Amino acid sequence: MNWLLTGGCGFVGANLADALLADGDSVAVLDNLSRRGAAENLSWLRSRHSGNWQFIDADVRDAEAIARVVRHGQPRFIAHLAGQVAMTTSLANPRLDFETNALGTFNVLEAVRLHAPDSAVLYSSTNKVYGSLAGLSYGETSSRYTLVDHPHGLDEALPLDGSSPYGCSKLCAEQYCRDYHRMYGLKTVVFRHSSMYGGRQFATCDQGWIGWFCLQALQAAAAAANPLVISGTGKQVRDVLHARDLVQVYRRAARHIDAIAGQIYNIGGGMANSLSLIELFDLLGRLTGRPMHWQCQPWRAADQKVFVADFRRATAGFGWAPQVEHHQGLAEMLDWSRGLLGSSLRVA
Ligand SMILES: NC(=O)c1ccc[n+]([C@@H]2O[C@H](COP(=O)([O-])OP(=O)(O)OC[C@H]3O[C@@H](n4cnc5c(N)ncnc54)[C@H](O)[C@@H]3O)[C@@H](O)[C@H]2O)c1
């Protein structure tokens, strides 16, 4: 196999698998189908691609199963995407979070070290490894918080401060990736992703906030919504990255693997694709033709006021920069969300 995608039936995995298969790569999609929507993504991949790929029903917490897959498959690239992905779930079940993210990643790395040391591992980490970013200086406008000292966004030199079990388990996992390069020479690369969105994302109120608010906007437009309640003031800002750009991160990094092995990159839509919640609601209201209304409640633990990725290191390292402009991407996301509302897989 060329590629092994753990978590390959998730949002990122399904988009990446689809793009790789369309270009003739061979792909193994490994997933335990625990995520809502994963089975639908598997059916979607089956409906679009008949050959050159296989589905492996396995769990990254199962070290022997992962070792078997890696030993037999000898993948050239492993996109390790399987994970417990919600901060809220990590607070409710920190053991599951640790075992999936930290131990699951360790199992993948050990399988590679012992059975396929030439395989490259591309790992999807998160900006949550930087913690709440309470020490930064923030400005404030009528619609958003701003970063006073970082006009291009936040780079990889920020201090690490994993916060919430999710932040800690991802930080642990990415540090193992980096260190397995230093200690054992494995070709590992870490991407610290900020928010991502696009088709094949089955958003919930706990994860995938762009998709979730698209669903809320459509329900508000159909006058079927409960009052929208948000944490914080609505001025919190994130950069957003569309699935098409995201796929290119993994593909371009793979092409440059020998030059970038051992590196860590902040990946996101950047300042040009940054939005506060207030700005997102305004934009969605205009796109659906129905203004959105919301109520504020206290901040969630460890919430960042602003995270915008400075992706210039990724541009220098492997020639990647986002191309999909967020107005366009959001219009497409509304289309995908319309389909979800009309499907049997109702909003959770
Ligand atoms: N989507 C985002 O905005 C975002 C942001 C930052 C980081 N990330 C990271 O990117 C990766 C992919 O995210 P996503 O949005 O595609 O999430 P997703 O939930 O859509 O996909 C994750 C997949 O992993 C599978 N999975 C979960 N536990 C597993 C296990 N123990 N064994 C095997 N498979 C398992 C799920 O069934 C699911 O299909 C995750 O590691 C996530 O932490 C995502």
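Analyst: The discussion below takes up the ligand, then a helix, then a residue in a strand. This is a predicted model, in which local features need pLDDT of at least 70 and side-chain atom pairs count only at pLDDT 80 or more, while totals for chains, interfaces and linings use all residues. Residues are numbered from 1 along each chain as its sequence is written, and side-chain values use heavy atoms, with hydrogens and water left out.

User: Which N or O atom in a side chain lies 2.8 Å from a nitrogen atom of the ligand?

Analyst: A polar contact is a pair of N or O atoms within 3.5 Å; within protein, one must be able to donate a hydrogen and the other to accept it, and residues adjacent in sequence count only if both atoms are side-chain atoms. The atom in question belongs to the side chain of D59. An oxygen atom of the ligand lies 2.9 Å from a side-chain N or O atom of Y166, and a backbone N or O atom of F11 is 2.9 Å from a ligand oxygen atom. The protein covers 95% of the 830 Å² of accessible area that the ligand has on its own (Shrake-Rupley method, 1.4 Å probe).

User: Is helix α10 mostly covered or uncovered?

Analyst: Helices here are DSSP runs (H or I, at least four residues), and strands are runs of E of at least two, numbered from the N terminus. Buried means under 20% relative accessible area (1.4 Å probe, protein chains only). Helix α10 is mostly covered, with nine of its 12 residues buried; among them are L277, F281 and L284. Just after α10, G289 takes a positive phi of about 80°.

User: Why does N266 count as buried?

Analyst: N266 counts as buried because its relative accessibility is 0%. N266 is placed in strand β12 (residues 264-267), and its side chain makes a polar contact of 2.8 Å with that of Y130.

Conventions:
Buried means under 20% relative accessible area, exposed over 50%, partly exposed in between (1.4 Å probe, protein chains only).
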